[in-house]
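Let's take a walk through a protein together.

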Amino acid sequence: MVFNHSLLLLLLLSFHHRSYTMLLSQRNNEETPNKLSGVSDKDGKILQRSKRGWMWNHFFLLEEYTGTDYQYVGKLHSDQDRGDGSVKYVLNGDGAGSLFLIDENSGDIHATKRLDREEKAYYTLRAQAVNKRTGRPLEPESEFIIKIHDINDNEPKFTKETYIASVPEMSDVGTFVVQVTAMDADDATYGNSAKLVYSILQGQPYFSVEPETGIIRTALPNMNRENKENYHVVIQAKDMAGQMGGLSGTTTVNITLTDVNDSPPRFLQSSYHLTTSESAEIGSAIGRIKANDADVGENADIQYSIIGGDGQDMFNIVTDRTTQEGVITVKKQLDFENKRMYTLKVEATNTHLDHRFLHLGPFKDTATVKITLQDVDESPVFSRSSYIIEVHEDTIPGSLIGAVTAWDPDAANHPVRYSIDRHTDLDRLFNVDSGNGSISTLQPLDREMAKWQNISIVATEINNPRQTSRVPVFIKVLDVNDNAPEFAMFYETFVCENVKAGQLIQTISAVDTDEPLIGHKFAFSLSTPNPNFTIFDNEDNTARILTRRSGFSRREMSAYLLPVVISDNDYPIQSSTSTLTIRVCACDSRGNMQSCNAEALMLPAGLSTGALVAILLCIIILLIIVVLFAALRRQKKKEPLIISKEDVRDNIVSYNDEGGGEEDTQAFDIGTLRNPEVMDANKLRRDIIPEMLFPFRRTSPIKDNADVRDFINSRLQENDTDPTAPPYDSLATYAYEGNGSIAESLSSLESAATDGDQDYDYLSNWGPQFKKLADMYIGKDTDKDT
């Protein structure tokens, strides 16, 4: 298969005279001799060449075709094609039948769409010539490539739309800032479509860009951040090596100058004036000053210090790290009356210096600060912060023991009044003179009760009582030898019956609440000579008790009393007599005590101490059991007085209407009280549990017409004399109150006593039910009239 040479030539001419490489291959090894005229070798012989079929295996096609017809690619032609229409051309491969079409008769190839090299750079296809009638291939299938040639249809694009960079201020010319990069999608191997050149559109004369690399560098020396900090630079990338007609793209680079310490601190004023009160507390701030530094961050850190002036000892200055201000504080207590104005020389210095810029210094500045004090009404001032006074404990009340002094520190020097804070002297042991501050005692002092007395003295300005101050006064009570020594402890001393003469039975010591300056020195002796015991002073504040004879008997004397005299050596000498009780005990052969009780002599010899203790414990346990049993019985006896509702004495019946008189038998029957013989003689009382039973005693009956008062008095006398009557905590309630009641009678039976004008004759008309009531009231009226 051979491509038409003329068509190929036309194709080549259509490509703007560009050069293309074509690969040739020999087909079927067919050679056709053909003489070349006018051509000979160096030997003069005429050269011969072989005629062969040429195969072009590359087609070239421009991208982005803009014509209205299909774009012509090329023509296929087979040597077997005789032009009689028996040959059919078939195309297979990338885009065959859709993107690329072939005329099966002529072998012409066309592209149906616009092609983009950036999407696909080449297409591989296969062509074959077949016999239309038989469908058999006339030649083997051949492969060829359609290569898409690039045109400059893509502009450069930067990898970032915006670049952010920084460079230190005051940098030298040519200092690297940042590198920008652009990409072009065109073919970099063909022509200059993808050859880029960088240039700066905005940002001159401060910065420059290298055309080939895109590196941005500083172009101006000594760029100062304090003058301008941020720069907006626009960089362009243009293809076609920057020639006219090339495509371009731009990007923005935001460049910030970073700070270096090239600006020294400077005070805005050479002199500052501050005012403060003389009562300002130590450490309190009285004012602020500031030195400005155009730098930022640590380059603007300032350290303030006082380097001169008469107020160096009275004031201090510290740096506020947040605001970079110098804070002046009080170092010592101020006094308007002593000095009214101070002068300070303050220096502000950078803490982080850059040695490259020291020539721009000095990186420090000074200013003068004048401080004026204001007078305030101050509290009185004591001559000391505290007082210590010593006084003997035997000092007579009213004696002067010391004094305090205070004054008004103000220029007016107002008088001061003294007093004792009584919260610190609750026992009122001391007094202070309000005028001169002298302290005296009001009561005797006892060192043994309290060695120190702490009180507070208050000084008050007379013209302004609100101005007060106080001072502690520590009063030490000095010792006086006013206490006699005594035994250091209680001694349980015993002597064995089989003791020998001169044997040690006890070592004693003494204590004294007094505290002499040279220490205690006690002397021990017996008040009277003793035939049984003696004492030996060890001269170290202890003494030994020794026996003077051997053989003691509990039957003769179970205990001995030994008076011991103890005296000190202070002035005046104090002494006391303490009695030592010495018991006589039975001991074993080694002197160990076994028994000291005289009763133990009557016990059998074989009964040991352990047996005695066991017996004693058994007795104690039995006693406890008896006591518990008795307590339980007593609790069982305590039962409520009212056990059943059948007890008629406390059975209360309420009436809401008038009764039927004596014929009303539904309620309380007084006949039971009038005839006690109807009661069950063997029925016991339920409100008490009697410890012993008494025989039932019948009471005498009462006449039917007996007065209620007589009836109740009779029953009361019987209960008072009845041994089976309830105890004193049992309450017997009766319906008749009597004349002795504070509320007087609540019964209507005595209504006539309070209402004498009332007529009761109408009661006789009420019927037989009220006959008894009518006889009582009408009879009373008759007696009253008589």
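Arginine 217 and glutamate 210 bring their side chains together in a salt bridge, 2.9 Å from N to O. The term salt bridge is used when a side-chain nitrogen of Lys or Arg lies within 4 Å of a carboxyl oxygen of Asp or Glu. Arginine 217 counts as partly exposed because its relative accessibility is 26%, and glutamate 210 is partly exposed too, at 28%. Those words have cut-offs: buried means under 20% relative accessible area, exposed means over 50%, and partly exposed is in between (1.4 Å probe, protein chains only).

Before going further, keep in mind that this is a predicted model, in which local features need pLDDT of at least 70 and side-chain atom pairs count only at pLDDT 80 or more, while totals for chains, interfaces and linings use all residues. Residues are numbered from 1 along each chain as its sequence is written, and side-chain values use heavy atoms, leaving out hydrogens and water.

Now for some other charged pairs. Arginine 225 and glutamate 226 form a salt bridge of 3.0 Å, N to O. Is arginine 225 buried or exposed? With a relative accessible area of 9%, arginine 225 is buried, whereas glutamate 226 is partly exposed at 24%. In another salt bridge, arginine 422 meets aspartate 425 at 2.8 Å, N to O. Here arginine 422 is partly exposed, with 24% relative accessibility, and aspartate 425 is buried at 3%. Salt bridges can also link up into a network, as they do for Arg447, Glu448, Lys451, Asp479 and Glu515. Searching the whole structure turns up 18 salt bridges.

Let's step back for the overall picture. The protein has six helices and 45 strands. Both are DSSP runs numbered from the N terminus: helices are H or I with at least four residues, strands are E with at least two. Of the 786 residues, 34% are buried. Contact here means heavy atoms within 4.5 Å. Among the contacts with a separation of 6 or more, 66% are between residues 24 or more positions apart.

Two aspartates show what such contacts look like up close. Aspartate 421 sits in the loop between strand 32 (416–420) and strand 33 (430–432), and it is buried because its relative accessible area is 16%. Leaving aside residues up to four places away in sequence, aspartate 421 touches Ser456, Val458 and Arg470. With arginine 470, aspartate 421 makes a side-chain polar contact of 2.7 Å. A polar contact is a pair of N or O atoms within 3.5 Å; within protein, one must be able to donate a hydrogen and the other to accept it, and residues adjacent in sequence count only if both atoms are side-chain atoms.

The other one, aspartate 186, lies in the loop between strand 13 (182–183) and strand 14 (197–202). Aspartate 186 is buried as well, at 4% relative accessible area. Residues touching aspartate 186, again not counting those up to four places away in sequence, include Arg117, Asp150, Asn152 and Asp239. Arginine 117 is 69 residues from aspartate 186 in sequence, but in space the two are 8.1 Å apart, C-alpha to C-alpha.

How many disulfides are there? The search finds two. A disulfide is a covalent bond between the sulfur atoms of two cysteines, and the cut-off used to spot one is a pair of cysteine sulfur atoms within 2.5 Å. Cysteine 496 and cysteine 587 form one of them, with sulfur atoms 2.0 Å apart. This pair links distant parts of the chain, 91 residues apart: cysteine 496 is in strand 38 (residues 493–496) and cysteine 587 in strand 44 (residues 575–587). Its torsion about the S-S bond is -85 degrees, making the link left-handed.

A disulfide also joins cysteine 585 to cysteine 596, S to S 1.6 Å. Cysteine 585 is in strand 44, and cysteine 596 is 11 residues away in the loop between strand 45 (593–595) and helix 2. The torsion about this S-S bond is about 105 degrees, so the disulfide of cysteine 585 and cysteine 596 is right-handed. Cysteine 585 is buried with a relative accessible area of 0%, and cysteine 596 is buried at 13%. Counting bonded cysteines along the chain, the disulfides follow the pattern 1-3, 2-4.
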